[in-house]
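Here are some friendly notes to read alongside the model. Take the points in order and look back at the picture as you go.

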Amino acid sequence: MKMILMDGEYLCEGDSLEAIAAMGVDLARLSFAPQDPAEVEAELVARMTAAVQRWMDGVAQQRHYDGILSLCTYATSTDSRFRAEGQAGVEWRDRCWALGYRIIEEVRRGARPVPTEEDVVAMMPPMQWPPAEGEQPLE
């Protein structure tokens, strides 16, 4: 992905000018800025980790936790339901980050293309909430 400039100012990032041309932008005013590979990698890691973090926080919030960090702190709760949910959150968080960092490493090695944020989230394992006492496990 390249940084696209218009009249020397940052416009967006991308590899294709088709969408920009479709907006009626004069392509003669555009140029590509060289990017430092270390900066590109740092940006990739930041975007992917932020997407995973937002997604995990959102899933935890579905059960009324502040976010994934809050959920995980309940792994040591004295309440059996909260303890079970917290432990499930810890295990799920670990699986998500292990996969996320494996994807980043595969991108670094050139073994896979850079995924979109949506693609990264779609690859994450689902959260398996423990059943409440008396409930049947969810499929």
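1. A residue is called buried at under 20% relative accessible area, exposed at over 50%, and partly exposed in between, using a 1.4 Å probe and protein chains only. By that rule, 31% of the 139 residues of the protein chain are buried.

2. Please keep in mind that this is a predicted model, where local features need pLDDT of at least 70 and side-chain atom pairs count only at pLDDT 80 or more, while totals for chains, interfaces and linings use all residues. Residues are numbered from 1 along each chain as its sequence is written, and side-chain values use heavy atoms, leaving out hydrogens and water.

3. Five helices and three strands make up the secondary structure of the protein chain; these are DSSP runs, with helices (H or I) of at least four residues and strands (E) of at least two, numbered from the N terminus. Their order along the sequence is β-β-α-β-α-α-α-α.

4. What is the radius of gyration of the protein chain? The value is 21 Å, whereas a compact globule of 139 residues would have one near 14 Å. The radius is taken over C-alpha atoms, and the globule rule is 2.2 Å times the number of residues to the power 0.38. Along the principal axes, the C-alpha atoms fill a box of roughly 65 × 30 × 25 Å.

5. Now for the contacts, meaning heavy atoms within 4.5 Å. Among those between residues at least 6 apart in sequence, 51% join residues at least 24 apart.
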